[in-house]
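Subject: Structure for you to look through

Hello,

Here is the structure I promised to pass on. Please open it next to this email and follow along.

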Amino acid sequence: MFMAYCKRKRGESVSRNIALIPAAGVGERFGAGKPKQYVEINGKTVLQHALDIFSGHPEIDCIAVVLAPDDGFFQTASDKTVLLHCGGGSRAETVRNGVNALVAQGLAADTDNILVHDAARCCLPAEALSRLLDEAADQACGGILAVPVADTLKRAQGKQIGETVPRSGLWQAQTPQLFQTALLQRALSVEDLSAVTDEASAVEALGIKPLLVRGDSRNLKLTLPQDEYIVRLLLADKNK
């Protein structure tokens, strides 16, 4: 779908920014009876809200949505969008399959930037996305959006507090996470992806230290049913 728009032009040398949205998960914890990215909030699915962020941003050249092979829910896409029906059994596998498909189809060059973003983060402010592009797009180490941890952290020992963990220097990772195609492919080429909790952790395993770019507390991930109320309020405020 819309392959011609996303296809790199012959001889094109300027690095492009490609948003990659892994959307093959089932969202069991959310308990909606269907994948949470297809839950409708304020007239659109969660996934569509997320896609609108990237389709409306002038610095995003292409959006790749990685769907389950048998996905029967996806309906609409912008002219920046290509659909890849190669989702895997885990988020990391879905991202790896998506990146490999982009390369195989000539949609991504080694030096293009791939911004991996959770389908369930549908309230990403445009200014946070711009900040990530401004600070990390030209960095070989890549970078991620993240926010400093504000709450006191406790390490559990059974059902009791084992210790209080100092929060100084701790950040909570968000998405998008931006890396050049070649680096992301290499980081995700390991046989066992079970330890890969996000793209940055895979890159860190190579001995590379990605940038931390200040994110936004509104960039909430829809995970549990109670999150929906906050997301509805954020989206309603955003559309005023």
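Start with one term: a residue is buried under 20% relative accessible area, exposed over 50%, and partly exposed in between (1.4 Å probe, protein chains only). Next, the ground rules. This is a predicted model, in which local features need pLDDT of at least 70 and side-chain atom pairs count only at pLDDT 80 or more, while totals for chains, interfaces and linings use all residues. Residues are numbered from 1 along each chain as its sequence is written, and side-chain values use heavy atoms, with hydrogens and water left out.

Helices (H or I, at least four residues) and strands (E, at least two) are DSSP runs, numbered from the N terminus.

**The aromatic pair**

The structure holds 1 aromatic pair. Rings of Phe, Tyr and Trp (its six-membered ring) pair if their centres lie within 6.5 Å; planes under 30 degrees apart count as stacked, over 60 as edge-to-face and the rest as tilted. Here the partners are Tyr-38 and Phe-73, with centres 5.1 Å apart and planes at 25 degrees, so the pair is stacked. Tyr-38 has 5% relative accessibility, so it counts as buried. Phe-73 has a relative accessible area of 41%, so it is partly exposed.

**The cores**

A nonpolar core is a set of buried Ala, Val, Leu, Ile, Met, Phe, Trp, Tyr and Cys residues joined through side-chain atoms within 4.5 Å. The largest one has 29 residues, and Leu-20 and Leu-102 have the most contacts inside it. Elements giving two or more residues to this core include E1, E4, E5 and helix H3 (91–104). H3 gives the largest share, 5 residues. Another core, of 26 residues, lies apart from it; Ile-63, Leu-83, Leu-133 and Ala-137 are among its members.

What does Leu-102 touch? Contact means heavy atoms within 4.5 Å. Not counting residues up to four places away in sequence, the partners of Leu-102 are Ile-18, Leu-20, Ala-64, Leu-84, Leu-107, Ala-108 and Ile-114.

**Strand E6 and its partners**

Two strands pair if DSSP finds at least two bridges between them. E6 pairs with E1 in the parallel sense over 4 bridges. In that pairing, Leu-20 stands opposite Val-116 of E6. E6 is also joined to E10 by 4 bridges, and these two run antiparallel. There, Leu-115 has Leu-178 as its bridge partner.

In a regular strand the side chains alternate between the two faces of the sheet. Asn-113 and Leu-115 point one way from E6, Ile-114 and Val-116 point the other way, and all are buried.

In helix H4 (residues 126–136), the buried residues are Ala-128, Leu-129, Leu-132, Leu-133 and Ala-136. Seen down the axis of H4, they fall within an arc of 140 degrees (taken from the directions from the helix axis to the C-beta atoms), so they line one face of the helix. Their packing partners include helix H2 (46–55), strand E6 (113–116) and strand E10 (171–180).

H2 is mostly covered, with 8 of its 10 residues buried. Among them are Val-46, His-49, Ala-50 and Phe-54.

**Arg-121**

Is Arg-121 buried or exposed? Its relative accessible area is 8%, so Arg-121 is buried. Arg-121 lies in the loop between E6 and H4.

**A hairpin**

Strand E8 (residues 153–157) and strand E9 (residues 160–165) run antiparallel, joined by 5 bridges. They form a hairpin with 2 residues between them. Gly-158, in the turn, has a positive phi of about 70 degrees. Ala-156 stands opposite Ile-161 in E9. With 54% relative accessibility, Ile-161 counts as exposed.

Best wishes
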